[in-house]
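Colleague: I have a complex to go through with you. Can we take the chains in turn?

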Amino acid sequence: MRDACAATEHLHSAWVDGELRTIERARVAAHLQRCARCRAAVHQLRVTQAMLRSLPARRMPSPVPAPPADAMGRPARTRRVLARSAAGIGAGLVMLMAAAFAAGSPQPQDRQVAVPVDIYVADHLVRAVGGPVSTPALLQARP
Amino acid sequence: MTLGRRTGGLLTVVGMIVALTVPPATADTDQQWRTLLGRAAHAAENRAYIGESIWVVHDGGEASVSTFLVQSSGSGEISVADRTRYAVRLGDDGSALADHERGWFLPLPAADLSKSSKGLDRIAEKYDVEITGAERLLHRPCTRLELRRRSDGRLAERLWVDDASGLLLRRETYAGEEQLLRMVAYNKLDLDPAALTRSGQPTRPSRGQRTSQVRREQAVTEVDETGRTALREAGWLVPDAMPAQYQWEGAFALSAGDTQPLQTVYSDGLYTVSLFEHHGVGLDLEALPEGAELSDRLGFAAWTWPGAVPQRLVWEAEGTTWSLVGDAPPDELAAMAAQLPHPSSDGVLARILRGLGRLWSWVSPWS
């Protein structure tokens, strides 16, 4: 089980944030069903995240006093307006990109496709070898 | 001029006589290996014997070993029973042994040659076959053959065929001189199984069943040329051939449980690969057999079963779940996977562009 834990541990944070791709999400879900230790770790992560969210927002420091008019002779107020506009546009773009990134996540799959790999192997061997193959797994895989 | 013509004519006649009386060594060798392989394939199913075979499968730094009790009635019925299964994990300080169960499916030595005996011409197209000498295995005289890929001279197989019975005693599969992929060999063989029966030994292993017996429980429809065209029009890929000279062997519409996959079989005469197209994605990972590992060695995410024989690869792309099952060398399987649809790299830019498209479709009154 330790190997399985190591293989999914680095995905816990993304799992909590809901950022995993379908295949990884399914992989972590399957592991969490089986592993109490990792379930506890994920729970702890959620608790920590909730605590961080509950902290009061930090206040911004006081603005630095505006310098006098610049070398081109523009008044400090005009410069402030320009800077604020640029910052606003920049922030808007960043938010748009962030929203697009979030919206662009791979579509979740509602349906679970059970691919009968064991039966495929048996089907393959019938065609490739003609038959003489036997293991208990094969017998269990068949209806 | 006349003398020249006469000399030329004489030389031609002598040349024709030599050609007719002394066949080229290559033609002779060609006939010999065809006879040996054909005989091996026939003997595997039509010769009565009881033996213990050992399988060694290498995958990276790990080797796994399995032993099987193999029993042939001589009339096409062959049973196989697991004796032991264990994996050898090679560490820095030597090797360590660990009990291991994986539920692999292991074909018999030479059993697949019984199929490839129909494709000896195809083997000759892709491989150079050479008889490399006489040896002794299990105190029995045998003949050793080597098969090399014509395209790059890479060693593919070493085979030892028993001179008396024609049985394949040992088979080593390589991906080049230095890389042994798997070895299967008899370490005990009795060609007079009746004597064993009389001595009270079991005639049939407790576990053993031909897949063909189980196979009949499924609905299987062979797809002909017309059906293949119809399937393509309906959105199935059904490639005509695969890279590395794997040619079409057949296609079968399967009904396995509540699934309806399409199996297409390809062979180069020596190895066989099946492609399973299964419409729908969203793999149920709980349903994958034991030992599955997510790997990106193909350049995209695919499920693999390291060390399993035959190898399997499963991945999702373009609304279909693709499975490749076969005993082809890893580089040839990878070439096949690369030719099939596979997930594109989902980079940040691609994701943002897809997201912008979705955002636009949500706010746009024209969407």
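Colleague: Among contacts in chain A between residues at least 6 apart in sequence, what percentage join residues at least 24 apart?
Modeller: This is a predicted model. Take the chain A contacts whose partners lie at least 6 apart in sequence. Of these, the share joining residues at least 24 apart is 44%.

Colleague: Which pattern does chain A follow along the sequence?
Modeller: Chain A has zero strands and seven helices. Read along the sequence, the pattern is α-α-α-α-α-α-α.

Colleague: Now chain B. Is B:D192 buried, partly exposed or exposed?
Modeller: B:D192 sits in the loop between strand 9 (180–190) and helix 5 (193–198) of chain B. Its C-alpha atom is 9.9 Å from that of B:R47, 145 residues away along the chain. Buried means under 20% relative accessible area and exposed means over 50%. The relative accessible area of B:D192 is 42%, so B:D192 is partly exposed.

Colleague: How many contacts beyond near neighbours in sequence does the model have for residues 85–108 of chain B?
Modeller: Chain B has a mean pLDDT of 75, with 71% of its residues at 70 or more. Residues 18–23 stay under 50 and have zero contacts beyond four places in sequence. Residues 85–108 are also below 50. Yet their count of contacts beyond near neighbours is 69.

Conventions. Residues are numbered from 1 along each chain as its sequence is written. Chains are lettered from A and ligands numbered from 1 in the order in which they are written. This is a predicted model: local features need pLDDT of at least 70, side-chain atom pairs count only at pLDDT 80 or more; totals for chains, interfaces and linings use all residues. Side-chain values use heavy atoms; hydrogens and water are left out. Helices (H or I, at least four residues) and strands (E, at least two) are DSSP runs, numbered from the N terminus. Buried means under 20% relative accessible area, exposed over 50%, partly exposed in between (1.4 Å probe, protein chains only). Contact means heavy atoms within 4.5 Å. pLDDT is the predictor's confidence in each residue, from 0 to 100.
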